[in-house]
Amino acid sequence: GVVFRRYQEKLFTEKKKTPTRFEPRAWNGESRLALPALGGELRFKRVRGGGIASSSIKGKRLQVRLRSGGERLRPDARRPSRTLKNLFQEAGVPPWERERMPLLFCGADLVWAPGLGVDAKFLSAGRAPGILPDWRPSSA
């Protein structure tokens, strides 16, 4: 009932899980979005001067999806966008976790990725209102 994995010279153990299919989910502004198929929940906190600029997503459809390959994120406005694969590798996120991380999209644009942050195009500046997502995997 346990799986052993090795990544970057570290050993990981986790309970064996039955694979579940995840269908994209719309986010309609709720403060919590349970994602049992991914084993956790997304929480959204209203902030000032950080997170996703409320003005950049007002009236737009946002959706939680998984990676499909080739996604790019630009966490720093002074640097070019980079592939999620590369950013997750640099952050030390094991491959099996990357495939089950919820990503927030606005149309075809990747807005936010857990542990990596908000794309510069959507980032709230100054004291402007924003929304800060937080991925909370369940500990069970």
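**Entry 1: Salt bridges**

I searched the whole structure and found nine salt bridges. I counted a salt bridge where a side-chain nitrogen of Lys or Arg lies within 4 Å of a carboxyl oxygen of Asp or Glu. I worked on a predicted model, in which local features need pLDDT of at least 70, side-chain atom pairs count only at pLDDT 80 or more, and totals for chains, interfaces and linings use all residues. Residues are numbered from 1 along each chain as its sequence is written, and side-chain values use heavy atoms, with hydrogens and water left out.

I looked up Glu23 and found a salt bridge with Arg21, with 2.8 Å between the closest N and O atoms. For accessibility I used these classes: buried is under 20% relative accessible area, exposed is over 50%, and partly exposed is in between (1.4 Å probe, protein chains only). Glu23 is partly exposed at 45%, whereas Arg21 is exposed at 70%.

I then turned to Arg32, which forms a salt bridge with Glu41; their closest N and O atoms are 3.1 Å apart. Arg32 is partly exposed at 48% relative accessibility, but Glu41 is buried at 16%. I also recorded that a network of salt bridges links Arg32, Glu41 and Arg43.

Asp76 and Arg78 form another salt bridge, with the closest N and O atoms 3.1 Å apart. Here Asp76 is partly exposed at 26%, and Arg78 is exposed at 75%.

**Entry 2: The open sheet**

I took strands as DSSP runs (E, at least two residues), numbered from the N terminus. Two strands pair if DSSP finds at least two bridges between them. I found an open sheet of four strands in the order 4-5-13-6, with antiparallel pairing. Its edge strands are strand 4 (32-35) and strand 6 (52-53), each of which pairs on one side only.

I followed strand 6 to strand 13 (residues 129-137), and the two pair in the antiparallel sense over two bridges. Ile52 has Ile131 of strand 13 as its bridge partner.

**Entry 3: The hairpin**

I examined strand 1 (residues 2-7), which pairs with strand 2 in the antiparallel sense over six bridges. Tyr7 stands opposite Lys10 of strand 2. The hairpin of these strands has two residues between them, and Gln8 takes a positive phi near 50° there. Strand 2 (residues 10-15) lies largely in the open, because zero of its six residues are buried.
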